Amino acid sequence: MRDESDRDGMRIVVELKRGEESQLVLNNLFKHTQMQESFGMIMLAIAGGQPKEMGLLEFIRLFIEHRRDVIVRRTRYELRKAREREHILTGYQIALDHLDDVIRIIRVFLGPRRSQRKPAQILLRAGRHHHGKRQGKKTNRRKTRWKEIQTRRRGRRNGAHGYRRPDSCQVDAILELQLHRLTQLSVDEILKELKSIRERIVDLEEILASEKKLKSVIIAELKEVQKDFGDDRRTQIVDKVDEIKLEDLIADTEMLITVSHAGYIKRTAADTYRHQSRGGKGRIGAKTKEEDFVEHLFIASAHSYILLFTSKGRVYWLKVYELPEAAAATRGKAISSLVKFQEDEKLTALVAARNLEEADKFVFMATKSGTVKKSTLTEFSNPRSTGIIAINLDGKDELIGAKLTDGKKMIFLASHEGQAILFRETEVRPMGRNAGGVNGMDLDKDDYVVSMDAVQPDFEIIAKEHETTTQNLEELENEQIKDSLVTLMLTVAEKGYGKRTPLAEYRITSRGGKGVVNMKTTDRNGYVVATLQVTEESDVMIITHNGKVIRVHANEIREAGRSTQGVRLLRLEEDDSVAAAAVLQEENEEEKK
């Protein structure tokens, strides 16, 4: 981690190792730090003294009313203070216009006998005595009395000598006036302030009297706020932020899922197993008890859903990353601690799906007795901890396989005794979860189905060679479909033998038939364990009952006809045999892009 913060802002650089996923690191930072905070918001406010949830328009209307109330109350307060200041300045103006009289009155009436009186009372009394004093001895007594009465009347209105008498507040302000403010400069400042305060009073009165003026003040103040704080947001407000889940913190890599016969499961990174040539010794892929053996292999990405189909025809849900991750040589964890199976119920098939709500997707199932069934993927989109019914089984029948299809695949079933059948998926209509299915393959008495696969025809070949663009299997002839089946079927036998056979060599029949020979089974190679669909780029994982695993390239296995025994794929101990096989598809460069 490197700090590159400077005067332009904060910058922290996290250097990753080669091969690490940057988005995965960011998700962890968002999850465990305050780089991302998510919280819900509702428009809740106090309106009329009561909390109320409201819409945006009502919220804005109430905000404007609030701002109007604030500005009206503030304007009234400022108007009151302005008028008080005007009153004081008017008193200053009266005193400055009659400064000599004010000084003489104060000097006369602030003697020793009256020094205990308040200055305001002295100045007020002085004004009354001043305008009532006699002017001369020769004045006519009646005339003088009349003039005194008239003077007192005028004095009540204008004060002595014709000026308005100041009130107590103005008198206190005059008495507190300092001498240095009696200069011409200070006098001009007082008069200038008086003029300014009167203009301010006019503006405040207009705001209170005019609604238009009041709204203009609201707009001006909001624009000022916008000017001061209207920079770009440093955070992002969105309608909804998806919560960072556990899967966002886990790399979406290919995983090898191993399930033992006793019910132990684990996941291991697929790149743990190195390539080996055909006939190699392999490496330990899973430790089991003496009485246990690895029964099932499955390849899926870490973020996929895993549909766990059981022998009783029920299905359960898990995410791949929820499975315990363990080293190659460890046993894993009991499935019973992850999923609550019913009594005498064991896992027999797993299906990976990225989205359970995807339309035009189906789950095709096959049972040990040859029964097949097709259901839409959405039938399994509501997971329950106790599982749900996937197929109704008769008697001692068991579910042996399930595949995800799109309605355009060919279904391939292989039996234990070396038979196989190939038919159209469209021959099986979609059924509900509680249905029991239809007959898919007619088996001999002691025979049973070991593998089921869904094969995708190459419709480009059909369009090119047969000049038809339809992808409806019911509208295509058997020969047309057969020419488009370019993949190979790898058949693995119990004693480590196997072969690749072109799928085009298998005759297309209707469902419910006996099929054709898939592999010639003898004491040398044993019965069939699995039949898998492979390409030239495929890798094959083979695991034995004793837990030995080998990974070989499919193109190293010889192609052979249907009625052959195959070649050796794995050297086994005398007490060991092949338990299961799976295909590992490597991503090519185009898929990665």
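## Helix crossing of α2 and α6

A crossing is right-handed if the near helix is turned clockwise from the far one by less than a right angle, and left-handed if the turn is anticlockwise. In this predicted model, helix α2 passes α6 in a right-handed crossing. The two axes come within 9 Å and cross at roughly 65°. Helix α2 covers residues 56-97, and helix α6 covers residues 168-175.

On the α2 side, the contact is made by His87, Ile88, Thr90, Gly91, Tyr92 and Ala95. Their counterparts in α6 are Cys169, Gln170, Ala173 and Ile174.

## Ala173 within the crossing

Ala173 belongs to helix α6. Its relative accessibility is 9%, under the 20% limit, and Ala173 therefore counts as buried. When neighbours within four places in sequence are set aside, Ala173 is in contact with Ile88 and Tyr92. Ile88 and Ala173 are 85 residues apart in sequence, yet their C-alpha atoms are 6.7 Å apart in space.

## Strand β9 and its two partners

Strand β9 spans residues 305-310, and five of its six residues are buried, so the strand is largely enclosed by the rest of the structure. Strand β9 pairs with β10 (residues 314-319) in the antiparallel sense over five bridges. Within this pairing, Leu308 has Tyr316 in β10 as its bridge partner. The two strands form a hairpin with three residues between them, and Gly313 in the turn has a positive phi of about 85°.

Strand β9 is also joined to strand β12 (residues 347-353), by six bridges and again in an antiparallel arrangement. Here Ile306 is bridged to Ala352 in β12.

## The four-stranded open sheet

An open sheet of four strands has the order β24-β21-β22-β27, with antiparallel pairing. Its edges are formed by β24 (528-534) and β27 (567-568); each has a single partner strand, so one side of each is left without a neighbour in the sheet.

Strands β21 (residues 488-493) and β22 (residues 497-502) run antiparallel and are joined by five bridges. Thr491 stands opposite Lys499 in β22.

## Loop residues with positive phi

Most residues other than glycine have a negative phi. Asp360, although not a glycine, has a positive phi of about 60°. Asp360 is located in the loop between β12 and β13 (362-367). With a relative accessibility of 61%, Asp360 counts as exposed.

Glu467 likewise has a positive phi, near 55°, and is a residue other than glycine. Glu467 is found in the loop between α9 (459-466) and α10 (478-484). Its relative accessible area is 73%, and Glu467 is exposed.

## Overall composition

The protein has eleven helices and 28 strands. Of its 593 residues, 39% count as buried.

Among contacts with a separation of 6 or more, 74% are accounted for by residues 24 or more positions apart. The pair Ala173 and Ile88, 85 residues apart in sequence and in contact, is one example of a link across the chain.

Key:
Residues are numbered from 1 along each chain as its sequence is written. This is a predicted model: local features need pLDDT of at least 70, side-chain atom pairs count only at pLDDT 80 or more; totals for chains, interfaces and linings use all residues. Side-chain values use heavy atoms; hydrogens and water are left out. Buried means under 20% relative accessible area, exposed over 50%, partly exposed in between (1.4 Å probe, protein chains only). Contact means heavy atoms within 4.5 Å. Axes are lines fitted to C-alpha atoms, for helices over the stretch in contact, and angles run from 0 to 180 degrees between N-to-C directions. Two strands pair if DSSP finds at least two bridges between them.
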